Amino acid sequence: MENNKRPESMARITTKEKADSFIAEQIKQLKKQVGSKKVLLALSGGVDSSVVAALLIKAIGKQLVCVHVNHGLLRKGEPEQVVEVFRNQMNANLVYVDAVDRFLNKLENVSDPEKKRKIIGAEFIRVFEEEARKQDGIEFLAQGTIYPDIIESVGVKAHHNVGGLPDDLKFELVEPLKFLYKDEVRVVGSALGLPDGMVYRQPFPGPGLGVRCLGAITRDRLEAVRESDAILREEFAKHGLEGKVWQYFTAVPDFKSVGVKDGARTFAYPVIIRAVNTTDAMTAAIEEIPYELLKHITKRITAEVKGVNRVLYDLTPKPSGTIEWE
């Protein structure tokens, strides 16, 4: 555990100057650790894995092999953003895996939230293992472990799902962010030139939209979650709530209700809006969204999202509710 204790002399990274100093030191250490060998990274597009990727690209370039698995449960535009930023802008050695059908077929008719999580996690490990075995000369595995992960779990960062890789792969870990807190990771990400939309991305569950498509996942409801979430994020950004609200998203339950559209009866899904503020995620308060904005978002969602005829606003704090629905 001593190797995983943040040095007492380590100053907090709060400015670009401090971030630049951290980056320069890490580049030296990474080059020393890795040498001429290859490093594998599961690049989700989340804050931590993206910052690790950008740092390693700066240090070892094409020796880093990034694997981005699109399991069909990401938010609108996220797989495209990963490809654009890392392959097109940073010239990364990026392997893009389209596993959408594979994941959704495995999840068909599975309604229990815990079973869904386990299927998504286990399938990710299998896909990542398959891609790892296709690569030659990989000796290191990079992870977006940050200091709270070490404090909370004393070990491997579970949401990257690499803890379940077979022992015979024998990768040595590379964890350049393991002594940083999330706010420090964001400062480093900005200093590395990553876009704000990636660096300041709000928290996102490991199983992605799989826990916001409530009950058994269907492709139509999954698209309704993705499209309504994109509208909510767009409107929050336009109206100055993007940085003010800690977490906001939509969820779509697995039941329908009667509605009316263009003078005809509809039988369609509701969309639930959730927006909360918290400091530690142990408790959470409801963000008071201006009523006119709620009306505008409702109008957009019911007009633009296929298969939806109602919008609901979840007013439940934590406790008694949790932040996510599943």
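This is a guided tour of the predicted model above, one selection at a time.

Before you click, note that residues are numbered from 1 along each chain as its sequence is written, and that side-chain values use heavy atoms, with hydrogens and water left out. Because the model is predicted, local features need pLDDT of at least 70 and side-chain atom pairs count only at pLDDT 80 or more, while totals for chains, interfaces and linings use all residues.

**Stop 1: the cores**

Select L40, V69, F128, F171, F236 and I301. Out of 51 residues in the largest nonpolar core, these touch the most other members. A nonpolar core here is a set of buried Ala, Val, Leu, Ile, Met, Phe, Trp, Tyr and Cys residues joined through side-chain atoms within 4.5 Å. Buried means under 20% relative accessible area, exposed over 50%, and partly exposed in between, with a 1.4 Å probe and protein chains only.

Setting aside neighbours within four places in sequence, F171 is in contact with L40, A132, I138, E139, F140, L141 and L165; contact means heavy atoms within 4.5 Å. There is also a second, separate core of 42 residues, with I13, L64, A92 and L177 among them.

**Stop 2: strand β8 and its partners**

Switch to cartoon and pick residues 264–277, which make up strand β8. Helices (H or I, at least four residues) and strands (E, at least two) are DSSP runs, numbered from the N terminus, and two strands pair if DSSP finds at least two bridges between them. Here is what to look for along β8:

- β7 (residues 257–261) pairs with β8 in the antiparallel sense over five bridges. Within this pair, V260 has R265 as its bridge partner, and S257 stands opposite A268.
- β6 (residues 247–251) is also antiparallel to β8, joined by five bridges. Find Q247 opposite V276.
- β10 (residues 308–313) runs parallel to β8, again with five bridges. Y269 has V308 as its bridge partner in β10.
- β9 (residues 285–286) is antiparallel to β8, over two bridges. N277 stands opposite A285.

**Stop 3: helix α4**

Go to residues 100–107, helix α4, and show side chains. Which residues of α4 are buried? They are V100, F103, L104 and L107. These cover an arc of only 90° around the axis, which puts them on the same side of α4; the arc is that of the directions from the helix axis to the C-beta atoms. Just after the helix, check N109, which takes a positive phi of about 70°.

**Stop 4**

N70 lies in strand β2. Is N70 buried or exposed? N70 is buried, with a relative accessible area of 10%. Beyond its neighbours within four places in sequence, N70 is in contact with P79, Y96, V97, D98, A99 and V100.

Next, select V83 in helix α3. V83 is buried as well, at 18% relative accessible area. With neighbours within four places in sequence left out, V83 is in contact with N88, L94 and Y96.

**Stop 5**

On a 1 Å grid over the protein atoms alone, a cavity is a set of points where a 1.4 Å probe fits but cannot get out, and a pocket is an open set with protein on both sides within 12 Å along at least five of seven lines; lining residues have an atom within 4 Å of a point. Grid points are joined across faces, edges and corners, and a volume is the space filled by probe spheres set on the points.

A search of the whole structure finds one cavity of 30 Å³ or more. The largest cavity has a volume of about 40 Å³. Select its lining: S44, G45, H68, L74, E78, P79, Q81, V82 and R201. Helix α3 (residues 78–89) gives the most to this lining, with four residues.

Finish at the second largest pocket, which holds about 300 Å³ of space. Of the 16 residues that line it, Q26, Q29, E175, P176 and F179 are the closest to its centre. Both α1 (16–34) and β5 (172–174) supply at least two residues of the lining, and α1 has the largest share, with seven.
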